[in-house]
Amino acid sequence: MPATLRKNLLPRLRRIRHVALDMDGTIYTDKTLFPATLPFLNLLKELDIGHTFLTNNPSKSVAGYLAHLRGMGIKATAEQLYTSTQATIDFLKRNHPKIRRLFVLGTPGLGDELQAAGFKLMPDDPKSPPDAVLVGFDLSLTYTRLCRAAWWIKKAKPFFATNPDRICPTNEPTVLVDCGSITAALEQATGRAPDAVPGKPNPAMLRGVLNRHSLTPQSLAMVGDRLYTDMTMARRAGALAVLVLTGEATVAEAKKFVPKPDLVVRTLAEFGELLERSRRS
Ligand SMILES: [Mg+2]
């Protein structure tokens, strides 16, 4: 039994109807699925608990992520995937319904998702003003487009970024400069921080999952390996914060971290056992 299992935890686990799963460090590392992942997903099905895969990385489209998961033996539907792109789309539609024309720094995958959601992508042209600037994890960033984004931000256009990550982890001999760093360059150039960043640890990301499935926060568990994104977001959204030790965070770090995860488990298998036990007790 994990040391952090508290007295009132089983009743809380009994209320869980949906599990939001971080991806890298939680269900796989790099391209290798953890041995506990498929049995855990099967158990959720048996217990009639839904699940959603979450990632802050907006560089792949939903179809791209589904293919990535399929390649590792996970069958998922578009409904079961929620990236910072979906979080941003839901956030804009809910909070800024008049914003339609976007100047975007991002991948073609991000552009496709935005267009499918009804947004218009604006060209790099000072005569074509957008309603807002959106910065993503742009893997083909060009200097002129970076300057154009800064121009519109300087012109007081609303400014959003998909996710705050400064780098994207990789085993390759390089540093993958992520959305947070591109945003930081724009902040330096313009003196303006983004108006909103809907990816983790913003609870807007989990609220998107809650709205999509008409769930209450108490019926959602967020499982992830990072304290300052996954656990912070879970606690802010009022979901059960479950830290899994298969990725970045260690037990020692978890003990010191505020807000505390509700539960710390070594693997997904351990969390599965607890969910099962909560149904039996
Ligand atoms: Mg992770």
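Guide: Gladly, with the reminder that this is a predicted model.

Visitor: Which protein donors does the magnesium ion have?
Guide: The donors are D22 and D225 through OD and D24 through O, at 2.1 to 2.2 Å from the magnesium ion. Along the sequence these donor residues follow the spacing D-x1-D-x200-D. D24 sits in the loop between β1 (18–22) and β2 (28–29), whereas D225 sits in the loop between β12 (220–224) and α9 (227–237), so that pair links distant parts of the chain, 201 residues apart.

Visitor: Is D24 buried or partly exposed?
Guide: D24 counts as partly exposed, with a relative accessibility of 36%. D225, by contrast, counts as buried at 6%.

Visitor: What about salt bridges, how many does the count come to?
Guide: The count comes to 10 salt bridges. One of them joins the side chains of R12 and D262, with N to O at 3.3 Å. Because R12 lies in helix α1 (residues 9–14) and D262 in the loop between α10 and β14, the pair ties together parts that are 250 residues apart in sequence. R12 is partly exposed, with a relative accessible area of 30%, while D262 counts as buried at 7%.

Visitor: And which side chain meets D230 in a salt bridge?
Guide: That is K200, with an N to O distance of 2.7 Å. The two link distant parts of the chain, with D230 in helix α9 and K200 in the loop between α7 and α8, 30 residues apart. Both D230 and K200 are buried, and salt bridges with shared partners join D22, K200 and D230 into one network. D22 is also one of the magnesium donors.

Visitor: Changing topic, what kind of peptide bond joins K200 and P201?
Guide: K200 and P201 are joined by a cis peptide bond, with omega at about 5 degrees; P201 is found in the loop between α7 (179–190) and α8 (204–212). Another cis peptide bond joins V258 and P259, where omega is about 0 degrees, and P259 has its place in the loop between α10 (251–256) and β14 (263–265).

Visitor: Where does A156 lie, and what is its phi?
Guide: A156 lies in the loop between α6 (143–154) and β9 (159–161), and although A156 is not a glycine, its phi is positive at about 70 degrees. A156 is exposed, with a relative accessible area of 60%. S214, in the loop between α8 and β12, likewise has a positive phi, of about 50 degrees, without being a glycine, and S214 is exposed at 68%.

Visitor: One last thing, which residues make the nonpolar surface patch?
Guide: I167, V175 and V177 make that patch, which covers about 280 Å².

Key:
Residues are numbered from 1 along each chain as its sequence is written. This is a predicted model: local features need pLDDT of at least 70, side-chain atom pairs count only at pLDDT 80 or more; totals for chains, interfaces and linings use all residues. Side-chain values use heavy atoms; hydrogens and water are left out. Patches are made of residues with over 30% relative accessible area and no salt bridge: like charges are joined within 9 Å, nonpolar side chains (Val, Leu, Ile, Met, Phe, Trp, Tyr) within 5 Å. Accessible areas come from the Shrake-Rupley method with a 1.4 Å probe; for residues, only the protein chains shown count as cover. A salt bridge is a side-chain nitrogen of Lys or Arg within 4 Å of a carboxyl oxygen of Asp or Glu. Donors are N, O and S atoms within 2.8 Å of the metal (3.2 Å for Na, K and Ca); water is not among the atoms, so sites may look incomplete. Helices (H or I, at least four residues) and strands (E, at least two) are DSSP runs, numbered from the N terminus. Buried means under 20% relative accessible area, exposed over 50%, partly exposed in between (1.4 Å probe, protein chains only).
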